[in-house]
Amino acid sequence: MKRILREPLLHFLLLGIAIFAAYGFVSKRDSNEPGKIVISEGQIAAMAEGFARTWRRPPTSDELEGLIKDRVQEEVYCREAMALGLDKEDTVIRRRLRQKMEFVSDDIAALAEPSDEELSTYLKAHADTFGVQRQFTFSQVYLNPERHGENLARDTAQLLTQLRQAGDRADVSELGDSFLLEHKFQSLPASEVVKQFGEKFAAQLAELSLGQWQGPLESGYGVHLVLVSERTEGRLPALAEVRDAVRREWANTRRLESNEKFYRELLKRYAVTIERPETPEEKRVAVAK
């Protein structure tokens with residue numbers, strides 16, 4: 001008997017029986033509550049640890065909430081995909097199953113074809129995305145405040161007089177101080193003006209009359225004398241001009257909305273429990289009591 005008990009094969013058999021029994025117990029427990037999802041404290045800790053390994057810092061509370069929400073969504077999609085048999089003869093991981101469920105939602109959203117009225121409404125509601133910006137064609141001469149010091153106002157006035165005499169024939173590359181940006185800009189969108197010169201400069205530029213040297217205009221670099229030769233006002237294009245772009249954005253928005261609605265409907269089938277770890281403050285209060 002002792003020799004039999006020492007046999008490695010017996011040990012392996014007993015271990016296998018124990019594992020099988022444990023698996024059966026877990027499966028039975030889960031099957032008794034098929035509509036229940038539990039996100040345990042240990043799972044949350046693992047999410048936070050995985051985030052920290054990737055980003056070299058712990059997640060913020062909002063980021064951790066996002067990870068938890070993503071885990072619940074993954075579980076819902078995985079279970080629903082399994083229920084539909086999407087996992088049959090497929091060895092890919094849970095995220096692939098979730099992706100398949102999302103494809104189902106995408107297909108539903110793709111069935112709809114927008115009318116011109118729907119696209120026009122979408123275009124007007126997203127004018128910032130599709131609108132043609134105000135554009136400026138202008139020349140500028142830069143003066144460095146540090147270089148001119150107390151004489152900046154005097155030097156600016158003298159240079160402005162010189163530029164007005166030369167008009168649009170002025171060789172701006174030879175005047176003023178050296179500058180990193182260009183001296184002349186052709187049809188520069190308003191957003192680019194802001195990006196390169198700042199909001200204050202862009203606001204002043206919009207108020208200048210055409211065809212005359214004016215200034216000084218202030219930017220983050222210093223001061224500028226400017227001649228605006230052309231200004232094209234912004235406008236909302238006709239649907240025919242941007243139909244393809246509007247159609248793509250409309251479809252993408254509808255897809256996202258459809259996916260969210262689809263997920264919310266699936267989520268109603270589950271009771272979700274989030275077992276959150278105690279915060280340091282909660283632990284201190286518990287100890288104090």
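The questions and answers below walk through a predicted model of one protein.

Residues are numbered from 1 along each chain as its sequence is written. In this predicted model local features need pLDDT of at least 70, side-chain atom pairs count only at pLDDT 80 or more, and totals for chains, interfaces and linings use all residues, while side-chain values use heavy atoms, with hydrogens and water left out.

Me: How many helices and strands does the secondary structure of the protein come to?
Reply: Helices (H or I, at least four residues) and strands (E, at least two) are DSSP runs, numbered from the N terminus. Counted in this way, the secondary structure comes to 13 helices and six strands.

Me: What share of the residues in the protein is buried?
Reply: A residue is called buried under 20% relative accessible area, exposed over 50%, and partly exposed in between, using a 1.4 Å probe and protein chains only. The protein has 289 residues, and the buried ones make up 29%.

Me: What span does helix H3 reach from its first C-alpha to its last?
Reply: H3 covers residues 41–55, which is 15 residues. The expected span of a helix is 1.5 Å times one less than its number of residues, and for H3 that expectation is 21 Å. The span found in the model is close to this, at 21 Å.

Me: Within what arc do the buried residues of H3 fall, seen down its axis?
Reply: The buried residues of H3 are Ile-44, Met-47 and Phe-51. The arc is taken from the directions from the helix axis to the C-beta atoms. The buried residues line one face of the helix, because they fall within an arc of 55 degrees.

Me: Which residues are exposed on the other side of H3, and which elements do its buried residues pack against?
Reply: On the other side of H3, the exposed residues are Gly-42 and Arg-53. Packing rests on contact, which means heavy atoms within 4.5 Å. By that criterion the buried residues of H3 pack against strand S1 (36–39), helix H4 (61–83) and strand S6 (271–274).

Me: Where does Arg-56 lie, and what is its phi?
Reply: Most residues other than glycine have a negative phi, and most peptide bonds are trans. Arg-56 lies in the loop between H3 and H4, and it counts as exposed because its relative accessibility is 77%. Although Arg-56 is not a glycine, its phi is positive, at about 65 degrees.

Me: In which strand is Ser-187 found, and what is its phi?
Reply: Ser-187 is found in strand S3 (residues 184–189) and is partly exposed, with a relative accessible area of 33%. Its phi is a positive value in a residue other than glycine, near 50 degrees.

Me: Which residues does a cis peptide bond join?
Reply: The bond in question has an omega of about 5 degrees.

Me: Which element gives the most to the lining of the second largest pocket?
Reply: On a 1 Å grid over the protein atoms alone, a pocket is an open set of points where a 1.4 Å probe fits, with protein on both sides within 12 Å along at least five of seven lines, and lining residues have an atom within 4 Å of a point. The second largest pocket is lined by 11 residues, of which Ile-44, Leu-64, Arg-276, Pro-277 and Thr-279 lie nearest its centre. Two elements give two or more residues to this lining, H4 and helix H13 (280–288). With four residues, the element that gives the most is H4.

Me: Which residues does Arg-79 touch, not counting residues up to four places away in sequence?
Reply: Arg-79 is found in helix H4 and counts as partly exposed, at 26% relative accessibility. From C-alpha to C-alpha, Arg-79 and Gly-35 are 9.5 Å apart in space, while 44 residues apart in sequence. The residues that Arg-79 touches are Pro-34, Gly-35, Lys-36, Ile-37 and Tyr-270.

Me: Is Ser-139 buried or exposed, and which residues does it touch beyond four places away in sequence?
Reply: The place of Ser-139 is in strand S2 (residues 135–143). With a relative accessible area of 13%, Ser-139 is buried. The residues that Ser-139 touches are Val-172, His-183, Lys-184, Trp-213, Leu-225, Val-226 and Leu-227.
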